[in-house]
Amino acid sequence: MTVTEPAPPPSATAANGAPGPGPDGADDPDARIGPDAGPDATDGGEGGGRRHVKVAIVGAGFAGLAMAIRLKQAGVDDFVVFERGDDVGGTWRDNTYPGAACDVPSHLYSFSFAPNPRWSRSFSPQGEILDYLRDTARRHGVMPHIRLGTPVTAMRWVDEARVWRVHTPDGGVTAQFLVPGMGALSEPKLPDIPGIDGFEGAFFHSAAWEHDHDLTGESVAVIGTGASSIQFVPEIQPQVGSLHVFQRTPPWIIPRTDRPLTAAEHRLFRVLPAAQRFVRAAIYWGRELYAWGFIKPQRMRAPQRLARAHLEHQVTDPGLRAKLTPEYTMGCKRILISNDWYPTLARPNVEVVTDRISEIRPRSIVAADGTERPVDTIICGTGFHVTDFPAGDHIHGPGGASLSDVWNDRGSMEAYLGTTVAGFPNLFLLVGPNTGLGHTSMVFMIESQVGYVLDALRHVDSAGATTVEVRPEVQDAYNRDLQRQLATTVWNAGGCRSWYLDANGRNTSLWPGFSWRFRQRARRFDPWSYVLRHEPAHPEAAGPGARVLD
Ligand code: NAP
């Protein structure tokens, strides 16, 4: 066995990469990967029909598409993208609830390498973002690499062959590198309430909206008052007969500064792309100011005053106002933006119920105070499985233990730069642990990670190595530091319980602060943090007929 012991970093500055991060893509997108990389490097171009590929990507949302496009730009055609849905788009394909839109401005919530001068509004609706992703995938030539309607059932590292075996119903592939990009908000979470399975009316989650179900005149219960509910409740309120909104914790809400973009702006961005880049940069740095508040909760007093004024302006009834006033520090949960949430809750056919739900009966909901409310339909805006990372059950490292097993043993999810995990060679997670943000565009984090992965692949190739694995002590030190930084932030110390925290109260979701700092950390692959091995891979030993670890 040959193990490369890379030299230590020349200096801390170099380890952190060069300065000058910004809202645009990681550097050097055109640097090619591998000695034989190039459009003609593979037998047939796209990895779509291949049995062994260099890179297997799972998921065709923002993360998977970014990885695919940047690989293609780097001259790698030998990759495949597995997508369980029948279209690209990830969360923007699945979340079709009425009013679904992004709460990060579109100029920033988009790929740096694919600006769209035609956004119709400052905060784009779901359908437009989905169209943008479809169009971007097509224009960058990655569609032939994507196997739609192909769920990945397991991903197993085959140690004797030194490849990942990706199982799908049609057999799957082996791959040198595995890049799961399944998103953190892809598995809807339903509440665990006694009697819920016996409900006989319509019942669905916001991420699986039943558009065929007509809500007209119905008595509807909505459980949850998070980012999704505050968008669809104002849309359905005029249509339903009565609306019972079950609120466990009131969100902090600030005005939504949405507006249509003008024809003049469209023209300007088309003829002068630098103008759009300037607007993007201004939005980016403006939003970074939030992080300044999040890392020191006492700095949130001024924004809290703005949010209180918004509530007081929109809700005159003191009883309702009291129900809607949060008792934790703003930012502890995601800050929501809306101009119509409060007015909707004040409508005569709407009731905000703050008593806990004690039971769901076949045609009603019973609250803790004993009040029973007959309902025809229950809509759950109850969020997603995040800190339990369901995809981890399907990723098996050497020896067969799953990522979930490893993380359960450790007590929490952990990775290095949210991307690599000790004990899992050649695995690069996108949107992994502690890469989430409470204040700005996740696309920025995704592009930072993708740049890091590309640099890692380049390094492995140029070192003539076959596997790369982060050193456990590096991962441990990184996470100790991360948790130390998180301890005093608003997310940990703001007095709320959010999906950012796992069952142990550990924040395994968020990056602690300014997103440019993540870009800086991930700017260059840091080989001294890794072990590289050089034994040749034997993909044929892990083919469909070969023994795989069970
Ligand atoms: P969420 O923010 O996690 O909100 C879930 C809501 O359900 C919370 O109000 C929660 O109450 C409540 N809830 C959960 N379990 C409950 C139970 N057993 N009984 C009563 N209430 C319960 O979920 P989401 O609204 O789907 O949003 C999830 C994330 O998706 C957001 O934070 C955001 O990152 C993303 N998102 C983004 C956009 C966008 O515009 N970019 C739009 C939608 C969603 P507690 O607060 O008390 O836990």
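How many salt bridges does a search of the whole structure find? The search turns up 21 of them, a salt bridge being a side-chain nitrogen of Lys or Arg within 4 Å of a carboxyl oxygen of Asp or Glu.

Before the details, a word on the ground rules. This is a predicted model, where local features need pLDDT of at least 70 and side-chain atom pairs count only at pLDDT 80 or more, while totals for chains, interfaces and linings use all residues. Residues are numbered from 1 along each chain as its sequence is written, and side-chain values use heavy atoms, with hydrogens and water left out.

The protein has 15 helices and 20 strands; these are DSSP runs (helices H or I, at least four residues; strands E, at least two), numbered from the N terminus. Of its 550 residues, 58% count as buried. Here buried means under 20% relative accessible area, exposed over 50%, and partly exposed in between (1.4 Å probe, protein chains only).

| Pair | Closest N to O |
|---|---|
| E414 and R506 | 3.1 Å |
| D481 and R484 | 2.4 Å |

E414 and R506 form a salt bridge. E414 sits in the loop between α11 (403-410) and α12 (442-462) and R506 in the loop between α14 and α15, so the pair ties together parts that are 92 residues apart in sequence. E414 is buried at 8%, while R506 is partly exposed at 22%. Both belong to a network of salt bridges that links R410, E414, D476 and R506.

D481 and R484 both lie in helix α13 (residues 472-486), three residues apart, or about one turn of the helix. D481 is partly exposed at 28%, and R484 is exposed at 56%.

Now for S509, found in the loop between α14 (490-493) and α15 (515-521). S509 is buried, at 7% relative accessible area. Leaving out residues up to four places away in sequence, its contacts (heavy atoms within 4.5 Å) include N434, W499 and Y500. The S509 side chain also reaches the backbone oxygen of Y500 at 3.0 Å.

Lastly, T344 is in helix α10 (residues 341-345) and counts as buried at 5%. Setting aside neighbours within four places in sequence, T344 touches V233, P234, Q237 and V350.

Note on methods: Polar contact = N/O pair within 3.5 Å; in protein donor to acceptor, adjacent residues only side chain to side chain.
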